Amino acid sequence: MLPLGAALPYQELGQGCAPRPSGSAASRRTIEECEADAVAGKFPAPPPLVRPKAPEGTPEIRPLDMAKRPRRNRKSPALRAAFQETSISPANFVLPLFIHEGEEDAPIGAMPGCYRLGWRHGLLDEVYKARDVGVNSFVLFPKVPDALKSPTGDEAYNDNGLVPRTIRLLKDKFPDIVIYTDVALDPYSSDGHDGIVREDGVIMNDETVYQLCKQAVSQARAGADVVSPSDMMDGRIGALRSALDAEGFHDVSIMSYTAKYASSFYGPFREALDSNPRFGDKKT
């Protein structure tokens, strides 16, 4: 008698639940026959466990004591497809749109092939083309006339300013798109900085955050879906959330998406927005 749990040799099992030879009265066994074989312990012997050999000279070691081995979920194409968290498609992209008050599109020297779009015409054409390839999210960057700039950047929260007007136009033409807005004072500042500059050159943090809150609320009022601070001020995320909620914009999201500092990588954007600092840099 075999020990309890031992597998019977395959040749003693008969056919088990395997298909009958072709030409027999029935090519497959019935469920009842298969269940009867299972109750009787008639199972095919499992194939022997064969571990692939390591190259000659591989050291013999004790396996690392690791309960978490993330490579388990990457060991085959099927597993990777099942567990991957990110798949990139046009729907994941946010297209920057540089806008200005003019009717005609104006080329941006530092960005060959890119333009400041006329907010009435070129802008709409660009959005149409983007939607044709599946892009439905857009972030707005304004080039504000110098005459509207000031040390405190008050134009940033003008409800009839360039950005709010553009938001309303886009939402009227394309109600289902997602509009992100840049929250920062540098496009509106006569100093070109992201905050209010004190006479000794210091950026005034809390006073700037107050202005940013007014800017974000103005953008939300126009129909922005996501306000996106790039100003680098301390404490602005919590302040923006409180300001938006206080005005009833609980569903407007916040995406803090960049820290510009003095990076040369942001240089083309500064040219596009005409927002280079008039003095100093943005390291603080």
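In this predicted model, helices α4 and α5 pack with their axes within 8 Å, crossing at roughly 25 degrees (axes are lines fitted to C-alpha atoms, for helices over the stretch in contact, and angles run from 0 to 180 degrees between N-to-C directions). Helices here are DSSP runs of H or I with at least four residues, strands are runs of E with at least two, and both are numbered from the N terminus. α4 and α5 are therefore roughly parallel to each other, going by a scheme in which angles under 35 degrees are roughly parallel, over 145 roughly antiparallel, 65 to 115 roughly perpendicular and the rest oblique. The crossing of α4 past α5 is right-handed, a label for a near helix turned clockwise from the far one by less than a right angle, with anticlockwise giving left-handed. On the α4 side the contact (heavy atoms within 4.5 Å) uses Val-163, Pro-164, Ile-167 and Arg-168, and on the α5 side Ser-218, Gln-219 and Ala-222. By class, that contact has four nonpolar, two polar and one charged residues; Ala, Val, Leu, Ile, Met, Phe, Trp, Tyr, Cys and Pro count as nonpolar, Asp, Glu, Lys and Arg as charged, and the others, Gly among them, as polar.

Numbering runs from 1 along each chain as its sequence is written. Since the model is predicted, local features need pLDDT of at least 70 and side-chain atom pairs count only at pLDDT 80 or more, while totals for chains, interfaces and linings use all residues, and side-chain values use heavy atoms, with hydrogens and water left out.

Next come the other helix pairs. The axes of α5 (residues 205-222) and α6 (residues 236-246) come within 9 Å and cross at roughly 45 degrees, which means that α5 is oblique to α6. This crossing, too, is described as right-handed. From α5, Val-209, Leu-212, Cys-213, Ala-216, Val-217 and Ala-220 meet Arg-236, Ala-239, Leu-240, Ala-243 and Leu-244 of α6. The tally for this contact is 10 nonpolar, no polar and one charged residues.

For α3 (residues 122-132) and α4 (residues 162-173), the axes come within 11 Å and cross at roughly 45 degrees, so α3 is oblique to α4. α3 passes α4 in a right-handed crossing. Leu-123, Leu-124 and Val-127 of α3 make this contact with Thr-166, Leu-169, Leu-170 and Lys-173 of α4, giving five nonpolar, one polar and one charged residues.

Lys-171 also sits in α4. Leaving aside residues up to four places away in sequence, Lys-171 touches Ile-177, Ile-179, Gly-223 and Asp-225.

On a 1 Å grid over the protein atoms alone, a cavity is a set of points where a 1.4 Å probe fits but cannot get out, a pocket is an open set with protein on both sides within 12 Å along at least five of seven lines, and lining residues have an atom within 4 Å of a point. Points are joined across faces, edges and corners, and a volume is the space filled by probe spheres set on them. The largest cavity has a volume of about 50 Å³, and its lining includes Val-163 and Pro-164. That lining divides into eight nonpolar, two polar and two charged residues.

The largest pocket holds about 180 Å³ of space. Strands β1 (94-100) and β3 (115-118) each supply at least two lining residues, with the largest share, four residues, coming from β1.
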